[in-house]
Amino acid sequence: MDDDSAAFDSFAMPTTPTTPHGTVPTGWIVPQAVLDNAKPLMVLLVIVILSIRAFRVATEQQEKRKKKRIRAQRRADAVRLFADAGNSEGLLASYAEAQAPRQDSKEFVDGVAHVPAKKVLEAFRAAFPDGAPREASAVRNFVSKNFSEGGGLVPCTDESLFSRDDAKGPPPLALLRESENASGAAEFAHALCKRWKELVRVPDASCDTSRSSFMVPMARKPLVVPGSRFREVYYWDSYWVVLGLLACGLDTLAKGVVQNLISLVAEFGFVPNGTRIYYVNRSQPPLLALMVLAVHDATRDDSLLAEALPELLREYEYWTGESIDGGPTTPNRHTVAVRGRSGAVHMLQRYYARTDAPRPESYREDVKLAAEVAPEARAVLLRHVASAAESGYDFGSRWFASPRKGLRSIRTTHILPSDLNAYLLAAEDAIATLARRRGDVMMRLRFADLASHRRAAMEDVFWDATVARWRDVVLPADVDGDVPVQRPTPFFHEQSRGPGAHTAGGFRTAPRNGEPVDVSQWSYAETHGAYEYVPLFCGAATAGGDVARAAVRALCASGLVQPGGVAVSTTGMPASSEPVTAQQWDWPNAWAPLQHMLSEGVRKYGDGSRVLLNGSSLDHTGVARYIARSFVRSCYLAWRSAGVMHEKMRADVPGDFGGGGEYTPQVGFGWTNGVCLELLKIHGGEALI
């Protein structure tokens with residue numbers, strides 16, 4: 001055999017290779033010398049592959065950072081265009097003065113610029129140099145030349161979003177009995193399901209390049225807007241929108257709504273009040289975890305958990321300062337240390353907007369209000385105003401030191417709201433549940449523990465057994481004594497150091513440098529409203545326990561439960577000593593979210609004992625049905641009469657819509673539709689009979 005043949009034969013498959021453990025059949029055998037020579041090449045190949053992968057990841061991250069910087073720059077350009085609270089010669093101030101007195105301030109800031117904001121600002125400064133006269137007609141002409149109406153969103157034409165997968169079976173509302181058609185329940189439910197198509201929007205593609213709509217960036221999923229003047233997504237509205245979509249079987253659309261909000265947390269560290277740049281100085285009640293839970297309950301889509309949980313932790317850090325990685329708590333302006341009646345110190349939250357300037361969407365109204373107080377008090381006043389907007393209750397007597405003085409006495413950041421802390425309790429419970437479903441034991445245990453501590457705080461601080469409700473807590477006036485009064489600052493502060501780092505304008509330091517507010521220094525707010533029973537819905541009491549039973553009885557005896565739903569507060573009620581405030585979050589208005597939370601709180605946590613409600617003896621399920629029926633029937637009567645759904649209703653007059661506040665009554669309407677659908681799903685036609 002020659003050398004070549006021997007070399008060839010060395011690659012041949014032996015019949016029975018031998019090992020210390022016996023014979024093992026193998027494939028082709030590579031000579032050891034070849035393997036030894038190949039090792040450096042293999043190592044080099046692995047290094048090259050890993051380097052290419054690392055380069056690709058680094059390039060993608062760099063591109064993401066670049067895009068984020070561009071978005072931040074565009075927001076900064078918009079800030080310079082609109083946020084001129086301290087500049088009477090800026091575009092916003094000039095146009096507000098040039099507008100017709102009754103024109104809605106929001107119309108201008110919701111407009112679409114024909115060119116990027118930076119170029120609009122340059123053109124404005126060229127046309128109107130500092131100190132130059134600003135004729136109203138010239139300013140209006142400039143705006144009409146550079147802006148158009150539209151809001152940056154267009155109707156959605158994707159019909160597939162409004163159809164269901166028949167394999168999933170009928171949507172919950174399809175289970176309404178045929179006999180309930182006589183009450184109008186099935187007809188009403190069907191009409192409301194069809195109405196979603198009127199409220200679904202998608203971004204206007206032309207605004208990405210040639211024009212600027214001042215919408216915040218988010219996942220490009222279809223949006224659901226409330227309706228009328230509200231042409232963008234609102235945070236807490238979306239919870240009841242999601243419930244309504246799920247009731248109609250529109251799971252994909254509901255998931256998309258939630259994914260949009262998740263993407264906002266990824267961008268900002270929290271969910272802004274709404275999806276326009278002028279809303280990113282504040283949030284709204286933190287209900288995202290409940291939305292994720294509702295969608296997962298309906299779909300069991302585990303991919304949503306992987307997407308949502310990291311951002312839910314970031315949002316939780318924004319509100320509480322609780323480190324998402326288990327590190328030390330970061331001081332923030334939302335959190336105040338309070339000593340409860342037991343002597344324990346609790347870290348509790350309040351609303352605190354990161355601005356002390358007029359709100360662009362209500363610019364004229366805020367400037368007029370600020371003129372009614374001393375110049376040195378204006379910045380603090382406007383922060384209280386914006387913080388009330390963060391609560392969603394903009395505006396009502398719960399924030400006023402004196403209902404007679406109204407907004408001039410607003411003190412939002414000096415109040416620890418019982419419902420905000422209850423929403424955070426519900427979020428903690430929801431995150432613990434989602435973590436369990438995800439299989440994350442440590443996260444589940446951590447949030448279960450957080451919920452346990454907050455539940456104790458709800459009783460130790462907010463629960464007033466003498467009146468059987470969870471009351472708002474009034475903090476001492478010097479609670480923010482470490483924050484100096486500042487000159488008016490822009491309505492938007494770029495958040496560049498993470499969700500807990502409110503660095504602009506002295507917002508990072510914790511109130512009182514972390515020293516707790518002693519029990520002798522805080523008191524309960526004198527107002528009485530439906531929001532004081534929201535903690536029942538959020539799980540602040542044990543189902544069937546003494547606290548839950550007392551709260552249900554107190555609600556039924558409060559006078560808040562009216563023929564058209566539960567009134568938001570007793571302020572202005574005929575039997576009340578307080579005057580009518582003309583604010584929309586006071587008597588006689590009944591708001592959809594409160595009807596759902598109170599009826600469900602009573603239904604889930606009552607104990608079955610009977611209670612007298614407006615002359616009828618009812619158990620807790622009967623009370624829940626009474627609340628649901630009162631509101632749903634009121635909305636049904638209004639719909640039958642005018643064919644529209646209203647933003648708010650009158651509690652004392654079934655079928656009549658509510659009023660008051662800064663703007664005319666609106667129709668559409670996202671959360672009203674959602675609440676009616678959810679209550680019809682729960683109670684069936686009994687909600688209308």
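Three strands, in the order β10-β13-β14, make up an open sheet with antiparallel pairing. The edge positions belong to β10 (415-416) and β14 (523-524); each has a single partner strand, so one side of each lacks a neighbour in the sheet. The model is predicted.

**Strand pairing**

- Strand β13 (residues 473-474) and β14 run antiparallel and are joined by two bridges.
- Within this pairing, V474 has S523 in β14 as its bridge partner.
- Strand β8 (residues 335-339) pairs with strand β9 (residues 345-349) in the antiparallel sense, over five bridges.
- V336 lies opposite L348 in β9.
- Five residues separate β8 from β9, and the two strands form a hairpin.
- In the turn of this hairpin, G343 has a positive phi of about 100°.

**Contact of α3 with α6**

- Helix α3 (residues 91-98) packs against helix α6 (residues 136-146) at an angle of about 115°, and their axes are 9 Å apart.
- The crossing in which α3 passes α6 is left-handed.
- On the α3 side the contact involves L91, S94, Y95 and A98, which meet A136, V139, R140, F142 and V143 in α6.
- By class, the residues of this α3 and α6 contact are seven nonpolar, one polar and one charged.

**Contact of α11 with α15**

- The axes of helix α11 (residues 302-320) and helix α15 (residues 441-462) come within 14 Å, crossing at roughly 30°.
- Angles under 35 degrees count as roughly parallel, and α11 and α15 are therefore roughly parallel to each other.
- The crossing of α11 and α15 is left-handed.
- From α11, the residues L309, L313, Y316 and T320 meet M443, F447, L450 and R454 in α15.
- The residues of the contact of α11 with α15 comprise six nonpolar, one polar and one charged.

**A624 in helix α19**

- A624 belongs to helix α19 (residues 620-642).
- With a relative accessible area of 0%, A624 is buried, because a value under 20% counts as buried.
- Leaving aside residues up to four places away in sequence, A624 touches S599, V602, R603 and H683.
- A separation of 9.2 Å lies between the C-alpha atoms of A624 and H596, which are 28 residues apart along the chain.

**Cis peptide bonds**

- Most peptide bonds are trans.
- D394 and F395 are joined by a cis peptide bond with omega of about 10°.
- F395 sits in the loop between α13 (378-391) and β10.
- Another cis peptide bond runs from W587 to P588, with omega near 10°.
- P588 is in the loop between β16 (565-566) and β17 (589-591).

- Most residues other than glycine have a negative phi.
- S228, a residue other than glycine, has a positive phi near 55°.
- The loop between β7 (223-224) and α8 (237-247) holds S228.
- S228 is partly exposed, at a relative accessible area of 37%.
- R300 is also a residue other than glycine with a positive phi, near 50°.
- R300 is placed in the loop between α10 (288-299) and α11.
- The relative accessible area of R300 is 49%, and R300 is partly exposed, because exposed means over 50%.

Note on methods. Residues are numbered from 1 along each chain as its sequence is written. This is a predicted model: local features need pLDDT of at least 70, side-chain atom pairs count only at pLDDT 80 or more; totals for chains, interfaces and linings use all residues. Side-chain values use heavy atoms; hydrogens and water are left out. Axes are lines fitted to C-alpha atoms, for helices over the stretch in contact, and angles run from 0 to 180 degrees between N-to-C directions. Helices (H or I, at least four residues) and strands (E, at least two) are DSSP runs, numbered from the N terminus. A crossing is left-handed if the near helix is turned anticlockwise from the far one by less than a right angle, and right-handed if clockwise. Contact means heavy atoms within 4.5 Å. Ala, Val, Leu, Ile, Met, Phe, Trp, Tyr, Cys and Pro count as nonpolar, Asp, Glu, Lys and Arg as charged, and the others, Gly among them, as polar. Two strands pair if DSSP finds at least two bridges between them. Buried means under 20% relative accessible area, exposed over 50%, partly exposed in between (1.4 Å probe, protein chains only). Angles under 35 degrees count as roughly parallel, over 145 as roughly antiparallel, 65 to 115 as roughly perpendicular and the rest as oblique.
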